Amino acid sequence: MTSSGSSSELPRKEAGVLRGHEGAVLAARFNGDGNYCLSCGKDRTLRLWNPHRGIHIKTYKSHGREVRDVHVTSDNAKICSCGGDRQVFYWDVATGRVIRKFRGHDSEVNAVKFNEYGSVVVSAGYDRSVRAWDCRSHSTEPIQIIDTFMDSVMSICLTKTEIIAGSVDATVRTFDIRIGRELVDDLKQPVNCISLSNDTNCTLANCLDSTLRLLDRTTGELLQQYKGHICKSYKMDCCLTNTDAHVTGGSEDGFIYFWDLVDASVVSSFRAHSSVVTSVNYHPKDCCMITSSVDGTIRIWKA
């Protein structure tokens with residue numbers, strides 16, 4: 001691990017506020033090139049925005065309960081979403097229509113991700129399972145079910161050959177899809193969000209003891225821990241900046257934190273929202289970040 005980039009280059013200036021959701025915004029995600037973003041929330045909607053111009057483009061309505069997560073394909077043509085109604089929705093971006101609803105989870109669905117080709121959606125749920133769904137098939141049955149977890153699965157990341165999942169059972173589990181192998185890292189604390197470093201060598205896990213933990217993906221070694229924020233009862237995102245020089249995450253008191261990757265010092269912290277920060281999402285190329293909150297807003301941050 002090497003640290004580079006000064007803290008002066010962090011996105012700490014508010015560059016815009018996106019309003020429109022009624023109630024808590026539970027996630028906000030850039031699309032692949034960072035020109036657009038998607039949000040979802042308690043009001044049962046997904047919303048598509050141009051965050052750089054502050055423009056609301058489209059609202060997607062069909063969920064019957066709160067929407068907890070959203071992801072868009074790399075070609076920007078399809079969206080997947082999930083939430084309290086136990087279903088995984090597969091949408092057409094342009095028409096706003098639901099192409100398919102995947103049913104099979106026995107309880108709320110916490111997280112969704114497309115694979116890199118946009119052909120498979122992977123979902124994680126309160127029913128202690130991870131499920132994979134074929135978007136090209138007309139079957140609504142999952143093509144794979146992973147149910148080795150002991151508690152709710154909160155967050156998933158995908159590589160070309162692996163599904164990585166974080167659970168309230170205090171584990172981060174890596175499943176190699178090709179050979180059917182499972183690796184288990186026990187963090188001793190409930191995990192509510194995971195993300196990968198940009199070089200995919202490390203997993204960052206947000207744990208409910210108000211600590212972020214950085215793991216070496218090859219060895220499972222705990223490389224570093226990051227503290228200062230409050231994370232005890234809410235699902236909150238964490239991520240690395242696009243240079244992998246800093247770690248960032250929200251806090252239940254509305255603050256955003258930036259830590260130095262290597263020495264774990266708090267490089268910057270500031271009040272970003274008036275309530276819990278649910279989401280932090282870093283731009284793929286630029287010094288730019290979006291955050292969302294229980295306060296009902298999405299905010300854009302630039303250097």
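Start at Gly-180, which takes a positive phi near 70 degrees in the hairpin of β16 and β17, with four residues between the strands. Strands (E, at least two residues) and helices (H or I, at least four) are DSSP runs, numbered from the N terminus. Two strands pair if DSSP finds at least two bridges between them.

This is a predicted model: local features need pLDDT of at least 70, side-chain atom pairs count only at pLDDT 80 or more, and totals for chains, interfaces and linings use all residues. Residues are numbered from 1 along each chain as its sequence is written, and side-chain values use heavy atoms, with hydrogens and water left out.

**Stop: β16 and its neighbours**

Select β17, residues 181–186. Six bridges join this strand to β16, and the two run antiparallel. Find Thr-174, which stands opposite Leu-183 in β17. Then find Phe-175, which faces Glu-182 in β17.

Now select β16 itself, residues 171–176. Is this strand enclosed or open? Six of its six residues are buried, so β16 is largely enclosed by the rest of the structure. Buried means under 20% relative accessible area, exposed over 50%, and partly exposed in between (1.4 Å probe, protein chains only). Colour the two faces separately. Thr-171, Arg-173 and Phe-175 are on one side; Val-172, Thr-174 and Asp-176 are on the other. Both faces are covered.

Next, select β15, residues 162–167. Five bridges link β15 to β16, again antiparallel. Gly-166 stands opposite Val-172 in β16. This hairpin has three residues between the strands, and Ala-170 takes a positive phi near 80 degrees there.

**Stop: the aromatic rings**

Select Tyr-90, Phe-102, Phe-114 and Trp-133, which form one aromatic cluster. Rings of Phe, Tyr and Trp (its six-membered ring) pair if their centres lie within 6.5 Å; planes under 30 degrees apart count as stacked, over 60 as edge-to-face and the rest as tilted. How many aromatic pairs does the whole structure hold? A search finds eleven. Zoom in on Phe-102 and Trp-133, a stacked pair: 5.3 Å centre to centre, 25 degrees between the planes. Phe-102 lies in β9 (residues 98–103) and Trp-133 in β12 (residues 130–134), so the pair ties together parts that are 31 residues apart in sequence. Phe-102 is buried, at 0% relative accessibility. Trp-133 is buried too, at 0%.

**Stop: the cysteines**

Look for disulfides (cysteine sulfur atoms within 2.5 Å). There are zero. Select Cys-37: the nearest cysteine sulfur, that of Cys-288, is 9.2 Å away. Cys-37 is buried, at 1% relative accessibility. Then select Cys-157, where the nearest cysteine sulfur belongs to Cys-193, 7.3 Å away. Cys-157 also counts as buried, at 7%.

Where does UniProt place "repeat: WD"? Its unreviewed entry gives residues 18–59, 60–101, 102–134 and 270–303. UniProt positions follow the numbering used here, feature names are shortened, and annotations may be inferred rather than shown by experiment. Select 18–59: the span is 0% helix and 55% strand, with end C-alpha atoms 13 Å apart. Then select 60–101, which is 0% helix and 57% strand, with its end C-alpha atoms 14 Å apart.
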